[in-house]
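Please keep the sequence and the structure in view while reading.

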Amino acid sequence: MNIAIVGAGGAVGREIISVLESGLLGHIDSLRLFGSARSAGSTINFRGRDIVVEELTERSDFSGVDYALVSAGGAVSERFAPVITAAGAIMIDNSSAFRLDDDVPLVVPEINGADALDAPRRIIANPNCTTIQMVMTLAPIHRLSPVRRVHVATYQAASGAGALAMDELTGQHADLAAGREPRVERFAHQLAYNVIPHIDVFTDNGYTREEMKMHLETKKIMHAPELEVSAMCVRVPVMRAHSEALWIQTERELSPEQVRAALDEAPGVVVVDDPASLSYPMPLETAGTDPVFVGRIRRDISGPGITMWSVSDQLRKGAALNAVQIAAYLHSHR
C-alpha cells in the first residue's frame with residue numbers, strides 16, 4: 001500500500017502520521033509527504049526514518065499512490081484535486097470543498113462505509129469534526145427508531161482551528177499571567193478565560209457555516225433528508241477535544257436504557273455514564289484518544305426525547321482517524 005499525506009506539517013497531517021504509526025493500515029510500502037513551499041525540504045520521522053516533505057505543485061506526480069490523505073484547506077483541495085487524482089490515487093479530503101457534492105461520498109466508515117465504494121471522481125470527503133462526533137452517537141439511536149430532530153450545542157477546542165490557534169491560546173494565558181495584552185489573531189476575540197459563540201463565517205440565515213455543516217452533512221451521511229439539525233457552535237478555552245450537548249427526538253419514544261445499550265454496542269463509541277460517582281466524559285481525559293465518549297444519557301424533561309453529552313478528540317476521530325479508517329475500509333474491499 002502506498003500512501004501520500006498532503007498538508008503533512010499541519011495539526012491534522014501530523015495526527016494522520018501518528019495514526020499510521022499505530023498500524024491501523026497494516027504494512028505501508030511507501031509514504032510520501034507533501035506541503036507548502038515553506039515546509040518543503042523539512043523532514044518528518046515515520047517509523048524510525050526521516051521522510052522529506054515535497055512541495056505540492058501542479059507538476060507533482062502521484063503515480064503509484066493508492067490513497068492521498070489531504071488536509072491542507074479547501075482552496076488547496078480544489079486547486080490540486082486534478083493533480084492528486086490524475087494517476088489513479090483516491091483522494092480522501094478533510095476540507096469542506098467537496099462534502100456536499102452529489103458525486104463525492106461523505107463517509108464515516110462505521111455508519112456509511114459502503115458509500116466510499118462509489119466515488120466517480122476518485123474523491124471521498126471526510127465530514128466536519130463536529131458532524132462526525134454527532135453522527136457516531138445518532139446512528140445507533142437511528143437504528144432503534146428514526147431520529148427526526150436534533151438540537152446540539154458544541155463546545156469546541158482551540159485545536160479545531162489548527163496548531164497556530166493552540167499556540168495562540170497558550171500564549172494568551174502566558175500574556176495575561178505576565179500582565180501583557182494578549183495577542184488575538186486566530187479567533188474573533190480573546191479565547192483565554194472566555195467563550196466565543198462564533199465558529200466560521202455567518203450565513204444569511206444567522207447561522208454560521210460550521211452550524212450549517214452539521215445541519216446538511218448529517219442528512220447526507222445518514223441518508224436521512226428528513227432529519228433536522230439545529231446547532232449552536234461555540235469555541236471554548238480547551239486545548240483539545242470537542243464536547244457536544246444533544247437533545248434528540250425520535251419517531252418512537254425510547255428509554256435511556258435502550259439508548260445506553262445501543263451506544264454500548266456501537267463500534268467506536270464508549271459510554272461513560274455514572275453520575276453517582278461523578279463519571280462522565282471530559283476533554284481533559286479524552287484528548288489524544290480515538291473513541292467518541294458519551295454520558296449524561298437521560299430523558300428530556302421538556303418533551304419526548306433523549307438528551308446526552310459527548311466528547312471526542314476532533315483531531316483523531318473528527319479528522320485523522322476517520323480519514324485513515326476510510327482508506328482501511330477501501331483497502332479491505334479492493
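## Aromatic pairs

Rings of Phe, Tyr and Trp, the last taken by its six-membered ring, form a pair if their centres lie within 6.5 Å; planes under 30 degrees apart make the pair stacked, planes over 60 degrees apart make it edge-to-face, and the rest are tilted. The structure discussed here is a predicted model, and by this rule it holds 2 aromatic pairs. In one of them, the ring centres of Phe34 and Phe62 are 4.5 Å apart and the ring planes meet at 20°, so this pair is stacked. Phe34 belongs to strand β2 (residues 30–35), while Phe62 sits in the loop between β4 (49–55) and β5 (67–70), so that the pair links distant parts of the chain, 28 residues apart. Both Phe34 and Phe62 are buried.

The other pair brings together Tyr155 and Trp309, whose ring centres are 5.4 Å apart; because their planes stand at 50°, the pair is tilted. Here too distant parts of the chain are linked, since Tyr155 lies in strand β8 and Trp309 in strand β13 (residues 306–312), 154 residues apart.

## Strand β8 and its partners

Strands of a sheet pair through backbone hydrogen bonds, either parallel or antiparallel. Which strands does β8 join, and in which sense? Strand β8 (residues 147–156) is joined to strand β10 (residues 242–250) by 8 bridges, and these two strands run antiparallel; within this pairing, Ala153 has Ala245 of β10 as its bridge partner. Strand β8 is also joined by 8 bridges to strand β9 (residues 228–235), but here the strands run parallel.

## The surroundings of His242

His242 is found in strand β10, and its relative accessibility of 0% means that it counts as buried. The side chain of His242 reaches the backbone nitrogen of Ala157 at a distance of 2.9 Å. Leaving aside neighbours within four places in sequence, His242 is in contact with residues from several parts of the chain, among them Cys129, Gln133, Tyr155, Ala157, Arg235, Ser310 and Gln314.

## A sheet of seven strands

Another part of the model holds an open sheet of 7 strands, in the order β3-β4-β2-β1-β5-β6-β7, and its pairing is mixed. The strands at its edges are β3 (43–46) and β7 (123–125), each of which pairs on one side only. Neighbouring strands in the sheet are turned against each other by 25° on average, with direction ignored. Strand β1 (residues 2–6) pairs with β5 in the parallel sense over 4 bridges, and Ala4 stands opposite Ala68 in β5. Helix α1 (residues 11–21) packs on this sheet, where it touches β1, β2, β3 and β5, and its direction makes about 25° with that of β3. Helix α2 (residues 74–85) lies across β1, β5, β6 (90–93) and β7, and runs at about 155° to β6.

The pairings of β4 can be followed in the same way. Strands β2 and β4 pair in the parallel sense over 3 bridges, with Leu33 having Val53 of β4 as its bridge partner. Strands β3 and β4, by contrast, run antiparallel and are joined by 4 bridges, and here Ile44 has Ile51 of β4 as its bridge partner. Strands β3 and β4 form a hairpin with 2 residues between them, and in the turn Arg47 has a positive phi of about 50°.

## Nonpolar cores

In soluble globular proteins, nonpolar side chains tend to be buried together. Which residues touch the most other members of the largest nonpolar core? Among its 52 residues, these are Phe62 and Val150, and the largest share of this core, 6 residues, comes from helix α4 (residues 129–144). When residues up to four places away in sequence are not counted, Val150 touches several residues, including Met134, Leu138, Leu227, Val229, Leu246 and Ile248. Apart from this core lies another one of 35 residues, among them Ala11, Phe46, Val53 and Leu330.

Key
Residues numbered from 1 in each chain as written. Predicted model: local features only at pLDDT ≥ 70, side-chain atom pairs only at ≥ 80, totals over all residues. Heavy atoms only, no water. Pairing = 2+ DSSP bridges. Buried < 20%, exposed > 50% of the residue type's maximum accessible area, 1.4 Å probe, protein only. Polar contact = N/O pair within 3.5 Å; in protein donor to acceptor, adjacent residues only side chain to side chain. Contact = heavy atoms within 4.5 Å. Axes fitted to C-alpha atoms, helices over the stretch in contact; angles between N-to-C directions. Core = buried A, V, L, I, M, F, W, Y, C linked by side-chain atoms within 4.5 Å.
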